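Trainee: Could you take me through this model and show me how its features should be read?
Mentor: Gladly; let us look at it together.
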Amino acid sequence: MINENAKTILSVRNLHASVEGTEILKGVDFEVKSGEVHAIMGLNGSGKSTFSKVLAGHPDYAVTQGEVIFKGENLLELEPHERANSGVFLAFQYPLEIPGVSNRDFLRVAYNAHRKANGEEEVDVFDFDDLVEERSEIVKMDVSFLDRSVNEGFSGGEKKRNEILQMALLEPTLAILDETDSGLDIDALKIVSSGVNQLSTPSNATVLITHYQRLLNYIVPDYVHVMAKGRIVKTGGKELAQKLEEKGYDWLTAEDTVAEEAMV
Amino acid sequence: MTKPAGSDALDSIAVSAAESSRSINRETYLKHLLTQAAAAADESGLPLKDVRDLAIALVGDCTFPTNRDEAWRFTDLSDLLSHSLQRAEPPTAQSSSQSDISATLTSLDDVHQLVSINGYYARSISKKVPAPGVTIAPLSQLLQKAEYKAQLEPILTERLARVKGAEEVFTALNTAGFTDVMVVWVKADQIVDTPICIVREAEESSISHLRTLVIAERHASLTLVETFTGSPEAADTIRCNTSVTELWLAEGAQVNHMRIQDESEHTFHIAKTAVDQATNSRYQCTAIDLGAHLSRHHLEVFQSGPQTDTHLYGLSALRDCQLADTHSLLTLTYPHSGATQIQKNIVDDKAHAVFNGRVFVSQEAQHTDASQLNRNLMLSSKARIDTKPELDIVADDVKCAHGATVSQLQADEVFYLQSRGISSEQAQRLLLYGFAMEIVEKISVAPLRQALSDRLTVWAS
């Protein structure tokens, strides 16, 4: 939902980042206001996933230039857990398995870490159980999953639903969903999308990173951005996704090259 | 710098002289241990002359292990040699400074419990829940009762020190010198739901030989918990415990065995668990090593019939200069059996974990389904892991899987937890805990599982 008067949540200016000396992001500019849903599309290797990991603070990526302001704060100065506690959430493309740690314990530790960071009292096991069981409904997750080890032996769809459950508990201001639709059958896609839509409010924002227009039928974006070679090269409305689906990315890269040549 | 001619030759003479004095030292040392053992045996008054004589002869054929013995390549016992260990005396008081682990067990009401201090039965702090067809008592007490004596004699002849591998040096030394035998004997078809706990505590800086004999008759079922703990040793002294637990599972018998070693920091703990499994029997062992300066656990399983089921789980969590060595042998010589083994080790500081897991599947053992996994987590660059899975498979129609991994905490896993608001330190603790809990979860006695999980939470922080 676009609202001209909404507050800017995230402001990225000329962001450059590299991994092991190879520059992947080459000057990303990106702005998100509260209530908005953005989709970032692009080919493999365009830098979409890197962008999401840099925002979450993955230690493998070094920011070499530019700034990221999140709710008025310099996000790049914060540790990954501090970013999470201030309201950034990254749903992983490949959620990790943590054998031996029950999903319930993991979720409670994370939930209480947020509360503590925000000066709220931690909740006890019993109150948390009520809360987590209620939130599990959002992604239609059977409560038996809470007593299994985190993501261990979960199917692809179950892992993604578990990511959205974490999001439902942590209630982030900015949710970045990295290829959350990949590997999902249509039923799981509907459940996950419906979960994301239920969690969307005028005071938070969602960034969807995806290859496919399919997801955008269920979570309708306000803006669609195209990333190529480490930059956002085109921004449009939801109809841009439709066009990409029909025509592919070649026309854009050609346009981009022309633009670059014109600049020279 | 120039050296006078012949100095190399002189050096090598000096070295070999040192070596030979060391080797004499080892021989003398083993003799000393045997003398102490024989004296303890005499004093125990147990009428086991044949068993003892055989054991003494077996020790006489052995040498004290060095790193040149394949079985002791990574575990160096040299530190023992400088300590002239005396046999343990009976404790003066029948109470001891208990560790959390043994206190957890002794606080439980509904358990059978035999407590031994320095290898001597502590009657006043033991307790028994009466149960039909179940004998849980030290041999010294049983032999005083006429009704047991007649029943026991054939069992002692056939079962005590009779599981294969009795000739191994520390096993034989233990047989020569144990002061008592904790006997757990469950008659046919008896299902014992109440856990049977053998609590071993130590107070002195001395050597003790701890012995347990478990007999599960046809279709009997029992849960056995063994704990090994001790109060801290006097300064500059060490303690040594050898422990041998023999388990006989008759046809269809089931034993769930938990073994917790949390000895004090200067203890040498050298143990053997030897299991004989008959047709259709099921044995599960969960062995947790947290304590001791040096601990060694020989876990050996033999079959005497087909279609057995064996599960071996192990966890060592070590720090400082601790060493824990798990040497397992799974011998499958009959068809249609299943076996799983998971051994996990966590090493911090300069700690050292050793795993040698041998699985032997003979020509007769067709349709065996066995898997072995050894996972190691290194928390420090000075820690050390030696792992040696040994699969020796002669049969041709079997499924046998094995694997060994050595890794550090995965940065991606830490990041995943951090991205959920959990600090890096807390994330590492949670991952460590998770790694350990996969094994701790196999502990079926809930209060003990809780005590261990609390202990590991403290360990990880």
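Trainee: In what kind of crossing does helix 9 of chain B pass helix 10 of chain B?
Mentor: In this predicted model, the crossing of helix 9 of chain B past helix 10 of chain B is right-handed. The two helices span residues 424-440 and 446-460 respectively, and their axes come within 10 Å and cross at roughly 150°. Angles over 145 degrees count as roughly antiparallel, and therefore helix 9 and helix 10 of chain B are described in that way.

Trainee: Which residues in helix 9 and helix 10 of chain B meet?
Mentor: On the helix 9 side of chain B they are R429(B), L432(B), Y433(B), A436(B), M437(B) and V440(B), and these meet R449(B), L452(B), S453(B), L456(B), T457(B) and A460(B) in helix 10 of chain B. Sorted by class, this contact between helix 9 and helix 10 of chain B has 8 nonpolar, 2 polar and 2 charged residues.

Trainee: How many residues of chain B are in contact with chain A, and which element gives the largest share?
Mentor: There are 19 residues of chain B in contact with 21 residues of chain A. On the side of chain B that touches chain A, helix 8 (411-418) and helix 9 of chain B are the elements that give two or more residues, and helix 9 of chain B supplies the largest share, with 8 residues. By class, that side of chain B has 10 nonpolar, 5 polar and 4 charged residues.

Trainee: At what angle do helix 5 and helix 6 of chain A pack?
Mentor: Helix 5 (residues 156-170) and helix 6 (residues 186-199) of chain A pack at about 10°, their axes being 10 Å apart, which makes helix 5 roughly parallel to helix 6 of chain A. Among the residues that make the contact are I164(A) and M167(A) of helix 5 of chain A, together with I191(A) and V192(A) of helix 6 of chain A.

Trainee: In what order do the strands of the open sheet in chain A lie, and which strands stand at the edges?
Mentor: The 4 strands of this open sheet in chain A have the order 2-1-4-5, with antiparallel pairing. Strand 2 (22-33) and strand 5 (73-74) of chain A each have a single partner strand, so one side of each is left without a neighbour in the sheet. Strand 1 (residues 8-19) and strand 4 (residues 61-70) of chain A run antiparallel and are joined by 8 bridges, and S18(A) stands opposite A62(A) in strand 4 of chain A.

Key: Residues are numbered from 1 along each chain as its sequence is written. Chains are lettered from A and ligands numbered from 1 in the order in which they are written. This is a predicted model: local features need pLDDT of at least 70, side-chain atom pairs count only at pLDDT 80 or more; totals for chains, interfaces and linings use all residues. Axes are lines fitted to C-alpha atoms, for helices over the stretch in contact, and angles run from 0 to 180 degrees between N-to-C directions. Angles under 35 degrees count as roughly parallel, over 145 as roughly antiparallel, 65 to 115 as roughly perpendicular and the rest as oblique. A crossing is left-handed if the near helix is turned anticlockwise from the far one by less than a right angle, and right-handed if clockwise. Two residues are in contact if their C-beta atoms, placed from the backbone, lie within 7 Å. Ala, Val, Leu, Ile, Met, Phe, Trp, Tyr, Cys and Pro count as nonpolar, Asp, Glu, Lys and Arg as charged, and the others, Gly among them, as polar. Two strands pair if DSSP finds at least two bridges between them.
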